[in-house]
Amino acid sequence: MAKWLDTAIFYEIYPQSFQDSNGDGIGDFQGIIRRLDYICDLGCNAIWMNPCFESSFHDAGYDVTDYYQAAPRYGTNEDLRQLFEEVHRRGMHILLDLVPGHTSVESAWFKASCSLEENEYSNRYIWTNDMMWSKETIPGINNWLYGISDRASAVAVNCFSTQPALNYGFGTVRLHGSFPPNPRRHRKAPDPAGYHVLLA
């Protein structure tokens with residue numbers, strides 16, 4: 001763990017409601033830059049910024065559509081780089097709130113994963129052909145979405161119905177809904193019953 005965290009005093013920022021620099025009613029990166037000296041004067045030496053990536057904003061930015069782009073409502077990637085530079089120039093640190101467990105249903109990854117034709121995104125999410133799973137069946141899965149794609153499958157969601165769960169391939173789900181004791185060992189093992197749900 002980074003040593004600076006031992007003495008870090010964080011100021012949490014939800015960009016949308018923090019400081020609007022251009023009069024559109026939405027906080028933005030330039031607005032945060034304008035307030036960095038104020039945050040320093042409070043005695044804070046670190047910023048924790050809630051999700052600022054491109055999003056459909058069904059869940060306040062926690063439903064990311066593109067991890068490589070800043071949300072346009074907050075500014076550009078260049079504005080975000082400038083924010084990092086200004087934070088570091090003041091001897092401060094900044095952490096971005098990353099959402100690695102799911103994306104938005106509007107993500108290009110998910111749209112490709114919904115296709116009947118197999119592609120590099122087909123297994124990027126947790127899919128099942130068994131319509132009998134309930135959300136209580138598999139720990140960590142909040143629910144399943146049915147009938148939203150060309151696939152005759154359901155996709156797991158972590159929180160809300162707009163947030164399909166990403167698949168990190170840690171284990172194959174067994175028929176009774178439990179995971180193997182050593183999931184990494186089974187990450188590519190085909191399930192004889194044809195269920196291809198993987199733990200995210």
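Author: Two strands pair if DSSP finds at least two bridges between them; helices (H or I, at least four residues) and strands (E, at least two) are DSSP runs, numbered from the N terminus. This is a predicted model, in which local features need pLDDT of at least 70, side-chain atom pairs count only at pLDDT 80 or more, and totals for chains, interfaces and linings use all residues. Residues are numbered from 1 along each chain as its sequence is written, and side-chain values use heavy atoms, with hydrogens and water left out.

Reader: What makes β2 and strand β5 a pair?

Author: β2 and β5 (residues 93-96) are joined by four bridges in the parallel sense, and at least two are required. Within β5, L95 is the bridge partner of W48.

Reader: Why is the pair of F57 and Y74 called edge-to-face?

Author: Rings of Phe, Tyr and Trp (its six-membered ring) pair if their centres lie within 6.5 Å; planes under 30 degrees apart count as stacked, over 60 as edge-to-face and the rest as tilted. The centres of F57 and Y74 are 6.0 Å apart and their planes stand at 90°, so the pair is edge-to-face. F29, F57 and Y74 form one aromatic cluster.

Reader: How do you know that R73 lies over the face of F57?

Author: The criterion places NZ of Lys or CZ of Arg within 6 Å of the ring centre and within 35 degrees of the ring normal. R73 lies over the face of F57 at 3.6 Å from the ring centre.
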